[in-house]
Amino acid sequence: MALIVICGQPSSGKSLAATCLAEALKESEAKETVRIIDEASFHLDRNQSYASMPAEKNLRGVLRSEVDRSVSKDNIIIVDSLNSIKGYRYELWCLARAAGIRYCVLYCDLEEDHCRKWNKERQEKGEAAYDDKIFEDLVRRFEKPDRRNRWDSPLFELCPYKDGIENSSAAILDAVAYLTKKVDSKSRDVKILQPTIATQNTRFSEANSLYELDRATQEVINAIVEAQSKALGGPMNGISLGQGLPNISISRSVGLPELRRLRRTFIKLTGQTSLSGPPPPSDADSAKRMFVDYLNRELETTV
């Protein structure tokens with residue numbers, strides 16, 4: 001039904017705002033199903049997740065993928081994270097548009113000094129807080145939302161230091177009213193994003209391809225593990241996956257962690273290639289052929 005992006009500086013009260021918004025939505029007459037997606041959902045440490053650009057990029061990817069899987073016309077998804085980069089907020093807006101649902105941004109507008117003070121207090125209490133170096137870096141790189149941007153609109157601004165953060169805060173009530181208002185032919189103040197034909201086709205195609213790729217590569221890994229288990233460490237002449245498929249050539253025992261690493265790398269490389277070249281394979285056999293070829297090359301070079 002809707003996607004809400006919580007946005008703000010580190011230690012600006014975003015998580016509390018997300019909780020209050022979720023409670024207010026559940027208490028509303030609409031009685032919608034509400035889910036919060038945040039770092040804690042995946043047991044991710046905030047300092048480790050923002051310690052480097054690759055780690056931060058991985059965090060955004062994990063959250064975006066979960067949002068993509070979760071958005072629908074039957075529930076309300078709240079993304080509780082920094083969401084500080086406007087390009088990333090645009091990506092989330094595109095997910096809402098592809099799903100054909102409502103979208104809004106709730107911005108916790110708190111001055112840097114207050115954020116710094118709140119973060120320090122959390123450190124002293126032993127609560128989840130940002131390291132000083134990471135905090136300063138995040139503050140410096142924050143890109144404030146602008147309601148003139150479609151991916152930042154509608155924008156509901158919450159002032160935690162002045163007004164506090166409660167279920168009854170004005171910005172939260174305004175957001176609830178927007179998200180739960182019934183829409184008819186006369187409605188002008190509520191915008192439901194409409195997917196384009198290109199967006200719908202791309203979503204469907206990518207979803208099928210990624211599903212087949214994920215399933216097929218896992219079946220290959222399972223076949224390798226089973227064959228090695230039966231061989232009891234002895235030599236293997238090749239692992240067969242079935243008629244019409246190439247054999248897997250392995251001259252040494254390959255552990256499950258290494259197989260999983262190779263699988264993750266293959267899926268990542270296939271996804272990157274599809275951005276500028278052909279799409280990922282849409283059928284299981286094609287995906288298996290590609291993965292086996294990749295494994296044979298990689299395992300041959302690492303003997």
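## Basis of the model

Because the model is predicted, local features are given only at a pLDDT of at least 70 and side-chain atom pairs only at 80 or more, whereas totals for chains, interfaces and linings use all residues. Residues are numbered from 1 along each chain as its sequence is written, and side-chain values use heavy atoms, with hydrogens and water left out.

## Overall fold

The chain has eleven helices and five strands, taken as DSSP runs numbered from the N terminus (H or I of at least four residues for helices, E of at least two for strands). Of its 303 residues, 43% count as buried, a term that stands for under 20% relative accessible area with a 1.4 Å probe and protein chains only, against over 50% for exposed and partly exposed in between. Among contacts (heavy atoms within 4.5 Å) with a separation of 6 or more, 77% join residues 24 or more positions apart.

## Nonpolar cores

A nonpolar core is here a set of buried Ala, Val, Leu, Ile, Met, Phe, Trp, Tyr and Cys residues joined through side-chain atoms within 4.5 Å. The largest one has 34 residues, of which Leu-3, Tyr-50, Val-67, Val-71, Leu-92, Tyr-103 and Tyr-130 touch the most other members. Two or more residues each come from β1 (2-8), α3 (53-70), β3 (75-80), α4 (86-99), β4 (102-108) and α6 (132-141), and α4 gives the most, with seven. A second, separate core holds 27 residues, including Met-1, Ala-2, Cys-20 and Ala-22. In soluble globular proteins, nonpolar side chains tend to be buried together.

Helix α6 has Ile-134, Phe-135, Leu-138, Val-139 and Arg-141 as its buried residues. The elements that cover these buried residues include α2 (46-49), α3 and α5 (112-125).

## Cavity and pocket

Grid points are joined across faces, edges and corners, and each volume is the space filled by probe spheres set on the points. One cavity of 30 Å³ or more is counted, and the largest cavity holds about 70 Å³. Its lining consists of Tyr-50, Glu-56, Arg-60, Leu-63, Ser-81, Leu-82, Asn-83, Ser-84, Ile-85, Tyr-88 and Leu-138, with the largest share, three residues, coming from α3. By class the lining has six nonpolar, three polar and two charged residues, where Ala, Val, Leu, Ile, Met, Phe, Trp, Tyr, Cys and Pro count as nonpolar, Asp, Glu, Lys and Arg as charged, and the others, Gly among them, as polar.

The second largest pocket has a volume of about 290 Å³. It is lined by 17 residues, and those closest to its centre are Ser-15, Glu-39, Arg-46, Asp-80 and Tyr-130. Helix α1 (residues 14-27) gives the largest share of this lining, three residues, and the classes divide into five nonpolar, five polar and seven charged.

## Tyr-88 at the cavity

Tyr-88, one of the residues that line the largest cavity, lies in helix α4 and is buried, with a relative accessible area of 4%. Beyond four places in sequence, Tyr-88 touches Arg-60, Leu-63, Arg-64 and Asn-83. A polar atom of the Tyr-88 side chain lies 3.2 Å from the backbone oxygen of Arg-60; this is a polar contact, defined as a pair of N or O atoms within 3.5 Å in which, within protein, one must be able to donate a hydrogen and the other to accept it, while residues adjacent in sequence count only if both atoms are side-chain atoms. The C-alpha atoms of Tyr-88 and Gly-61 are 9.7 Å apart, although 27 residues separate the two along the chain.

Arg-102, in strand β4, is buried at 7% relative accessible area. Its side chain reaches the backbone oxygen of Lys-181 at 2.6 Å, and a polar atom of that side chain lies 3.3 Å from the backbone oxygen of Leu-179. Leaving out residues up to four places away in sequence, the residues that Arg-102 touches include Met-1, Ala-2, Leu-3, Tyr-178, Val-190 and Ile-192.

Ser-169 lies in the loop between α7 (160-163) and α8 (170-180) and counts as buried at 6% relative accessibility. The Ser-169 side chain reaches the backbone nitrogen of Glu-166 at 2.9 Å and the backbone oxygen of Gly-164 at 3.5 Å. Apart from neighbours within four places in sequence, Ser-169 is in contact with Leu-158, Asp-163 and Gly-164.

Technical notes: 1 Å grid on protein atoms, 1.4 Å probe; cavity = no way out; pocket = protein on both sides within 12 Å on 5 of 7 lines; lining within 4 Å.
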